Amino acid sequence: MAGKQQVIEEVAITTENRENVIKQYSPMIKYVANRIAMRLPPHVEVDDLISVGVLGLMDAISKYDSSRGAKFKTYAGFRVRGAILDELRSLDWVPR
């Protein structure tokens with residue numbers, strides 16, 4: 001493992017490649033949604049969480065600023081997780 005390093009390419013986000021970025025990061029959305037769904041009751045559908053995660057990714061694409069020093073994958077992961085948690089909070093009838 002000392003000689004092997006994983007090279008992660010930082011993607012340039014434009015309006016033309018937005019769909020490709022969504023396709024590239026869709027496995028990350030599924031991973032985050034499945035991780036959150038493990039701790040939820042069975043009536044919450046994973047597909048609903050994934051669709052909200054896609055909206056979170058689209059929001060991350062439009063608001064990402066590379067000059068702030070964060071990698072897009074890290075930023076997108078936080079935005080997707082936050083979007084899913086916000087949706088779950090809105091569905092909960094018990095006030096915080």
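I started with helix 1 and helix 3, which pack at an angle of about 50° with their axes 10 Å apart. Helices here are DSSP runs (H or I, at least four residues; strands are E, at least two), numbered from the N terminus. Axes are lines fitted to C-alpha atoms, for helices over the stretch in contact, and angles run from 0 to 180 degrees between N-to-C directions.

Before going on, I noted that this is a predicted model, where local features need pLDDT of at least 70 and side-chain atom pairs count only at pLDDT 80 or more, while totals for chains, interfaces and linings use all residues. Residues are numbered from 1 along each chain as its sequence is written, and side-chain values use heavy atoms, with hydrogens and water left out.

**Helix 1 against helix 3**

Helix 1 and helix 3 are therefore oblique to each other. The cut-offs: under 35 degrees is roughly parallel, over 145 roughly antiparallel, 65 to 115 roughly perpendicular, and the rest oblique.

Which residues make the contact? From helix 1 I listed V21, Y25, M28, I29, V32, A33 and I36; from helix 3, F72, K73, A76, G77, V80, R81, I84, L85 and L88. Contact means heavy atoms within 4.5 Å. Sorted by type, the residues of this contact are 13 nonpolar, one polar and two charged. For that sorting, Ala, Val, Leu, Ile, Met, Phe, Trp, Tyr, Cys and Pro are nonpolar, Asp, Glu, Lys and Arg charged, and the others, Gly among them, polar.

**Helix 1 against helix 2**

Next I looked up the axes of helix 1 and helix 2, which come within 8 Å and cross at roughly 135°. This pair is therefore oblique too, and helix 1 passes helix 2 in a right-handed crossing. On the helix 1 side I found R18, V21, I22, Y25, I29, K30, A33, N34 and A37, meeting V46, L49, I50, G53, V54, L57, M58 and I61 of helix 2. That contact divides into 13 nonpolar, two polar and two charged residues.

**The core**

The largest nonpolar core has 21 residues, and L57, F72, V80 and I84 have the most contacts inside it. By nonpolar core I mean buried Ala, Val, Leu, Ile, Met, Phe, Trp, Tyr and Cys residues joined through side-chain atoms within 4.5 Å. Helix 1 (18-37), helix 2 (46-63) and helix 3 (72-91) each give two or more residues to it, and helix 1 has the largest share, nine residues. I then checked V80: leaving out residues up to four places away in sequence, V80 touches M28, I29, V32, G53, G56 and L57.

Is A60 buried or exposed? A60, in helix 2, is buried, with a relative accessible area of 0%. Buried means under 20% relative accessible area, exposed over 50%, partly exposed in between (1.4 Å probe, protein chains only). Beyond four places in sequence, A60 is in contact with F72, Y75, A76 and R79.

R79 sits in helix 3 and is partly exposed, at 27%. With residues up to four places away not counted, R79 touches G56, D59, A60 and K63.

**Whole chain**

Buried residues make up 27% of the 96 residues.

How values were computed: Left-handed = near helix turned anticlockwise from the far one by under 90°.
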